[in-house]
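Hi everyone, thanks for making time this morning.

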Amino acid sequence: MRQVTVTEHLLLHQKKSPMATGRFTSLLTELILSAKLISREVTKAGLVDVLGFTGETNVQGEKVRKLDEFANNVLIHRLRRSGVLCAMASEENGDLIQVSGDLPQGDYILIFDPLDGSSNIDVNVSIGTIFSIYRRPLHKGPGSPSLAEVLQRCDKQVAAGYFIYGSSTMMVYTTGNGVHGFTLDPSVGEFLLSHPDMKIPEQGRIYSVNESYWNYWDPATKEAIAYFKSTENALGKPYSSRYIGSLVADFHRNLLYGGIFMYPAKRRPDGTYAGKLRLTCEAAPMAFIVEQAGGLATDGVNRILDYTPTELHQRVPFFVGSPNDVRTVREIMLRSGSDTVPGN
Ligand code: AFP
């Protein structure tokens, strides 16, 4: 069988995808090279002194591990010089990362989580890099884009994807024409098409949630989770429970096998409810991918792609996966009047 690389695939589908311009291809090429460098470090993490904490704390108040820092630096360093971006935002940086000064600028905006699932780094469990790409809105004048230009409605994404560093390294991405998966062949150093036009099963068999938060959920959320464990659900028997704690890995498994990943809002000490996952660099890109694969993504009720972020590191409740399962959660949330969902 003829092997197709990501770039060839993009060029082959150029007519179908308005994003497959030379500039967009350069952007993906830089992302791919960065991911290969990260993958190399991840696989030798047990061998060299890259494990453990750096001693720093990131904007989320979490301790930064050395591999997170490495991944973040690689992406910023390579993409900043790509000549096709005007701004970047990383989960690890509080503010926008401007592409200014003497560096060439383009009109794409890249938002990424450099190493998602970092609590799994030291224990050899799959982790990933998530990316989301927007175009700078037209006629906004010269210079670096403002935060308002970056915080676009999530359905304005022109591409999104992830790299998963697991038993193999894979890239899964969409430009709005289906979802395609490529596996890194280390012998040639290329991502080769292995999963063309991925579709998530209509009906899942797996639910993924950190159930230790049960006591922090509101009654509607508890009812939704209980549905997946009951014998009176769409399957007539309990779903299987699988939870890795790396969004990329949990999402990827459910995309292939069918299922729902949930990170519901938790009650905070002040009595209000909030999600944990970040809208711009986690929920929105996964929502774009899953919809392109025939699935759904909501905050329990509202479509994630209808959100317009109000801040860079905004957090949302997140329910993503097979359409039947995400719809069922929505019905339960609406019927039981969950007060964890914004605007519900
Ligand atoms: P880390 O990158 O800090 O490990 O967080 C991972 C993550 O953002 C996402 O990948 C997981 O699905 C989720 O958090 C796990 O959170 P809990 O540990 O609260 O279940």
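I'll talk about one serine and then about the sheet around its strand. Keep in mind that this is a predicted model.

Let's begin with Ser 208, which sits in strand β11, residues 206-208. Is Ser 208 buried or exposed? Its relative accessibility is 0%, and buried means under 20%, so Ser 208 counts as buried. And what does the side chain of Ser 208 make a polar contact with? The partner is the side chain of Asn 254, at 3.1 Å. If we leave aside residues up to four places away in sequence, Ser 208 also touches several others, including Arg 242, Tyr 243, Asp 250 and Phe 261.

Now let's zoom out to the sheet. β11 belongs to an open sheet of five strands, ordered β12-β11-β13-β19-β17, with mixed pairing. At the edges stand β12 (240-241) and β17 (296-298); each has a single partner strand, so one side of each lacks a neighbour in the sheet.

Further in, β13 (residues 259-263) pairs with β19 (residues 318-321) in the antiparallel sense, over four bridges.

Then come the helices. Helix α7, residues 279-292, packs on the sheet and touches β17 and β19, with its direction at about 25 degrees to that of β19. Helix α8, residues 323-336, packs on the sheet too, touching β13, β17 and β19, and its direction makes about 150 degrees with that of β19.

How values were computed. Residues numbered from 1 in each chain as written. Predicted model: local features only at pLDDT ≥ 70, side-chain atom pairs only at ≥ 80, totals over all residues. Heavy atoms only, no water. Helix = DSSP H or I, 4+ residues; strand = E, 2+ residues; numbered from the N terminus. Buried < 20%, exposed > 50% of the residue type's maximum accessible area, 1.4 Å probe, protein only. Polar contact = N/O pair within 3.5 Å; in protein donor to acceptor, adjacent residues only side chain to side chain. Contact = heavy atoms within 4.5 Å. Pairing = 2+ DSSP bridges. Axes fitted to C-alpha atoms, helices over the stretch in contact; angles between N-to-C directions.
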